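I opened this notebook to keep track of what I looked up in one protein chain. The entries follow the order in which I went through the topics.

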Amino acid sequence: MKIVRRDFAPDGPGSVKMIPDESDDLWVAYNLIAPGDTIMAVTVRKVLREAASGSREAERVKLKLEIKVENVDYDKEGAVLRIRGKNILENEHVKIGAFHTLEIELHRPFVLRKVFWDSLAIDALHQASDPSASADLAVVLMQEGLAHILLVGKSVTLTRSRIEASIPRKHGLSVAGYDKALNKFYENVLQAFMKHIDFKVVRCAVIASPGFTKDQFHRHLMLEAERRDLRHIIENKSRIILVHSTSGYKHSLREVLDAPNVMSIIKDTKAAQEVRALKDFFTMLSNDTHRACYGPKHVEVAHERMAVQTLLITDELFRSSDVATRQRYVNLVNTVKESGGTTHVFSSMHVSGEREYRHFIFWMFQSCTCIELAQLTGIAAILRFPLPDLDDIEM
């Protein structure tokens, strides 16, 4: 994210002008923008003009609008933010108070204005503007005829490329075509590898597959690197790791993160920390029930007693349309940190959130059938000491 200008005070009002450079930046902007904020951007709108003949003609004009946000939608596939709200900037084509939808796309500048810049919003902005925060890990998930190139960042997991090929069966009359098709597939994956994986940014590249596909592609990769003198691959061959996975589909990414040799490299990254935190929560819940709790009321009571050691919370809670509700959870995160606790904000667009978040909510629903689904709000905690009387508190 390119930050062009920032003019705000912590815990006060102000604005930031920014330009999203990557899809990851749009996700950060999605988490930053909340109902009640204002967005200013240049947009194109169709207007009707009256011609000299008296007829009315439609014309598309470029104009600057500032809207007060009511709803934000993130289109991951189309890489666009759609922000709906009422216009608050006087304009000859759009009346004040008229509804409009601004579309924020890559490389398109916009200004975000907030009445209150809290600590989480400021942290997200700092992370977005730090070039070194773009990715921790590159992953090539493979099986014969299918490969995904993924970048695991601090706040989002990006699919950089999907390679598919039809591979004939390795027997009968198809044997001759099998080797040719497989080599062509490996070459396409190699091209995507060179295009999307930058060893100046990522800590390592993992090649994962069932069977021997990963080994065969790794052999192809290194032979071609030597033959073509691809220095960035040759010089970083020790940072290319082979791991087993059950498939080449994206859901197998969790297996890659769980692999001990990968975990040892990314142990201090956001993804790895969140995976470990969730595992610790489930382990504590199984082994020492009174040192784990969930639900806003139980977690808040535990925090009042200075018992929260680790807070697990989903980013959905910070996108509430109610300002007081958002501030309630921001304050909870801040005060847990101030009391020496650890906090993990799970993102639904990250490998440690997209799956773990669903796992988290699904587990809560399965384990608490007496609780209405609306009350399962994605918040839990590991406690410093047991609090058996929490069970007596109404959720």
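The entries below go from the whole chain to single residues.

**Entry 1: ground rules.** I noted that this is a predicted model, in which local features need pLDDT of at least 70 and side-chain atom pairs count only at pLDDT 80 or more, while totals for chains, interfaces and linings use all residues. Residues are numbered from 1 along each chain as its sequence is written, and side-chain values use heavy atoms, with hydrogens and water left out.

**Entry 2: the chain as a whole.** I looked up the secondary structure and found 11 helices and 16 strands; these are DSSP runs numbered from the N terminus, helices (H or I) having at least four residues and strands (E) at least two. Of the 395 residues in the chain, 50% are buried, where buried means under 20% relative accessible area, exposed means over 50%, and partly exposed lies in between (1.4 Å probe, protein chains only). I then turned to contacts, meaning heavy atoms within 4.5 Å. Among the contacts with a separation of 6 or more, 65% are between residues 24 or more positions apart.

**Entry 3: aromatic rings.** How many aromatic pairs does the structure hold? I found six, counting rings of Phe, Tyr and Trp (its six-membered ring) whose centres lie within 6.5 Å, with planes under 30 degrees apart called stacked, over 60 edge-to-face and the rest tilted. The pair of Tyr 30 and Tyr 74 is stacked, because the ring centres are 6.0 Å apart and the planes meet at 25°. Tyr 30 belongs to helix H1 (residues 23-32) and Tyr 74 to strand E4 (residues 56-75), so this pair ties together parts that are 44 residues apart in sequence. I checked both for burial: Tyr 30 is buried at a relative accessible area of 14%, and Tyr 74 is buried at 12%. Elsewhere, ring pairs link Phe 185, Tyr 186 and Phe 217 into a cluster.

Entry 4: I stayed with E4 and looked for its partner, with strands counted as paired if DSSP finds at least two bridges between them. Strand E3 (residues 38-50) pairs with E4 in the antiparallel sense over 13 bridges, and in this pairing Val 44 stands opposite Lys 62. E3 is also joined to E7 by three bridges, again in an antiparallel arrangement, and there Thr 38 stands opposite Arg 113.

**Entry 5: salt bridges.** Side chains of opposite charge can pair when their charged atoms come close. I searched the whole structure and listed 13 salt bridges, each a side-chain nitrogen of Lys or Arg within 4 Å of a carboxyl oxygen of Asp or Glu. One of them joins Glu 66 and Arg 113, at 3.4 Å from N to O. It links distant parts of the chain, since Glu 66 lies in strand E4 and Arg 113 in strand E7 (residues 110-114), 47 residues apart. Is Glu 66 buried or exposed? Its relative accessibility is 9%, so Glu 66 counts as buried, whereas Arg 113 is partly exposed at 37%.

I also noted Arg 82 and Asp 75, whose closest N and O atoms are 3.5 Å apart; Arg 82 is partly exposed at 29%, and Asp 75 is partly exposed at 23%. Arg 231 and Asp 229 form another salt bridge, at 2.9 Å from N to O, with Arg 231 partly exposed at 42% and Asp 229 partly exposed at 44%. Salt bridges that share partners also join Glu 187, Glu 224, Arg 227 and Arg 228 into one network.

**Entry 6: helix H9.** I asked why helix H9 (residues 296-304) is largely enclosed by the rest of the structure. The reason I wrote down is that seven of its nine residues are buried, and among these are Pro 296, Val 299 and Ala 302. The cover over the buried residues of H9 includes strand E13 (292-294), strand E14 (308-314), helix H10 (323-338) and strand E16 (379-383). Just after H9, Met 306 has a positive phi of about 60°.

**Entry 7: one serine.** Last, I looked up Ser 161, which is placed in strand E10 (residues 157-164) and counts as buried at 16% relative accessibility. Leaving out residues up to four places away in sequence, Ser 161 touches Ala 147, His 148, Ile 149, Ala 192 and His 196.
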